[in-house]
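Thanks for coming. I'll keep this brisk. Let me put the model up.

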Amino acid sequence: MSFTNAQKETFDLLRGVNLDVEKGKITALVGGNGTGKTTLFNIISGFEKDYTGDVVFEGNNFNHIPAHRISLMGIGRLFQDGQLLSGLTLMENMKLASDDKTGEMPFSSLLWRKRSKAAEAVKEQQAKDILVRIFGEGNKYLNMLNQDASAFSYGEQRILSLARLLMGGDRLLLLDEPTSGVNPVYIDTIEQIIREMVVEGLTVLLIEHNMHFVRRVADICAYLDDGIIAKLGPTAEVLDDKNVRNSYLGL
Ligand SMILES: Nc1ncnc2c1ncn2[C@@H]1O[C@H](COP(=O)(O)OP(=O)(O)OP(=O)(O)O)[C@@H](O)[C@H]1O
Ligand SMILES: [Mg+2]
């Protein structure tokens with residue numbers, strides 16, 4: 001995988017990434033800024049097409065399948081700058097998650113997809129159940145379901161975007177820096193949501209720069225450096241590795 005920079009020079013970003021993500025586990029992908037972590041997510045989820053190599057999901061080759069189709073085939077994603085879609089209410093955002101998880105066609109799926117009233121009610125109940133499970137009975141979000149997404153702070157939108165991935169349909173979740181921009185008091189909530197994902201049988205691959213968080217939640221850690229997975233193994237083992245400590249953590 002290579003890109004061309006502003007000076008029209010081509011540089012290799014991902015040279016030979018070989019990563020098996022274990023089903024039902026939480027794997028962290030760590031590495032310095034600009035090493036290609038988000039690009040790897042773009043490749044897996046179909047947003048980046050200009051690469052060589054194979055993306056295999058549940059035994060099927062996912063190479064060069066468009067993003068909206070990949071999303072319907074069971075891979076969900078929290079984007080690095082991902083927030084709720086403004087112009088839609090919290091409830092509409094929650095329901096959207098199980099329709100079109102890329103957000104590429106949010107309005108068309110809301111307006112044109114024919115749904116029965118009963119199916120709609122099931123989804124609404126599911127959305128409320130998720131909010132109760134995460135934020136407790138009588139939490140404030142239950143009274144804000146009809147508020148526009150813009151009524152929520154950045155941090156709240158991050159957490160609610162994560163929570164809506166529990167609406168279903170996915171088997172693999174790609175989370176790009178779930179704790180970024182979120183107040184430390186919410187870190188436990190994010191951990192809880194990610195653990196809920198695994199309890200539901202999902203596989204989680206997450207990018208994080210918060211190493212305390214990675215140590216707490218990730219079973220396995222992959223260290224991306226110089227275009228390859230330079231170290232892979234149990235999280236503590238990877239983060240305590242001398243080379244990882246020197247080259248990434250600066251210790
Ligand atoms: N479409 C593109 N064209 C040219 N360069 C790109 C393109 N997309 C990404 N890059 C470059 O590739 C490098 C890797 O970007 P990427 O977003 O994958 O990094 P990252 O590991 O996610 O970093 P961070 O931890 O800061 O989010 C960066 O230098 C970025 O500028
Ligand atoms: Mg990134």
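Helices here are DSSP runs of H or I with at least four residues, strands are runs of E with at least two, and both are numbered from the N terminus.

Ground rules. This is a predicted model: local features need pLDDT of at least 70, side-chain atom pairs count only at pLDDT 80 or more, and totals for chains, interfaces and linings use all residues. Residues are numbered from 1 along each chain as its sequence is written, while chains are lettered from A and ligands numbered from 1 in the order in which they are written.

Stay with α1. Buried means 20 or more other C-beta atoms within 10 Å of the residue's own; exposed means 12 or fewer; partly exposed is in between; C-beta atoms are placed from the backbone. The buried ones in α1 are Lys37, Leu40, Phe41, Asn42, Ile43 and Ile44. What covers them? The cover includes β3 (26-30), β6 (75-78), β7, β8 (203-207) and β9.

Now the ligand. For the classes, Ala, Val, Leu, Ile, Met, Phe, Trp, Tyr, Cys and Pro count as nonpolar, Asp, Glu, Lys and Arg as charged, and the others, Gly among them, as polar.

Take Lys37 from that shell. Lys37 sits in helix α1. Is Lys37 buried or exposed? It counts as buried, because 23 other C-beta atoms lie within 10 Å. Beyond four places in sequence, Lys37 touches Leu29, Gly31, Ile207 and Leu224. Contact means C-beta atoms, placed from the backbone, within 7 Å. Tyr223 is 186 residues from Lys37 along the chain, yet their C-alpha atoms are separated by 9.8 Å.

Tyr223 leads us to the core. The largest nonpolar core has 53 residues, and those touching the most other members are Ala163, Leu173, Leu174, Met197, Val204, Cys221 and Tyr223. Strand β9 (residues 220-225) gives the most to this core, with 5 residues. A nonpolar core is a set of buried Ala, Val, Leu, Ile, Met, Phe, Trp, Tyr and Cys residues joined through C-beta atoms within 7 Å.

Next, a helix pair. How do the axes of α6 (residues 154-163) and α7 (residues 187-199) cross? They come within 10 Å and cross at roughly 10°. So α6 and α7 are roughly parallel to each other. Ile159, Leu162 and Ala163 of α6 meet Thr189, Ile190 and Ile193 of α7. That contact has 5 nonpolar, 1 polar and no charged residues. The axes are lines fitted to C-alpha atoms, for helices over the stretch in contact, with angles from 0 to 180 degrees between N-to-C directions. Under 35 degrees is roughly parallel, over 145 roughly antiparallel, 65 to 115 roughly perpendicular, and the rest oblique. As for α6 itself, 8 of its 10 residues are buried, so it is largely enclosed by the rest of the structure.

Back to phi. Most residues other than glycine have a negative phi. His64 has a positive one, near 60°. His64 lies in the loop between β5 (60-61) and α2 (67-72), and it counts as exposed because it has 12 C-beta neighbours inside 10 Å. Glu177 also has a positive phi, about 55°. Its place is the loop between β7 (172-176) and α7. Glu177 counts as buried, because it has 21 C-beta neighbours inside 10 Å.

Last stop, Ile70 in helix α2. Ile70 is buried, with 22 other C-beta atoms within 10 Å. Its contacts beyond four places in sequence are Ser45, Gly46, Phe62, Ile65 and Ile75.

Conventions
Two residues are in contact if their C-beta atoms, placed from the backbone, lie within 7 Å.
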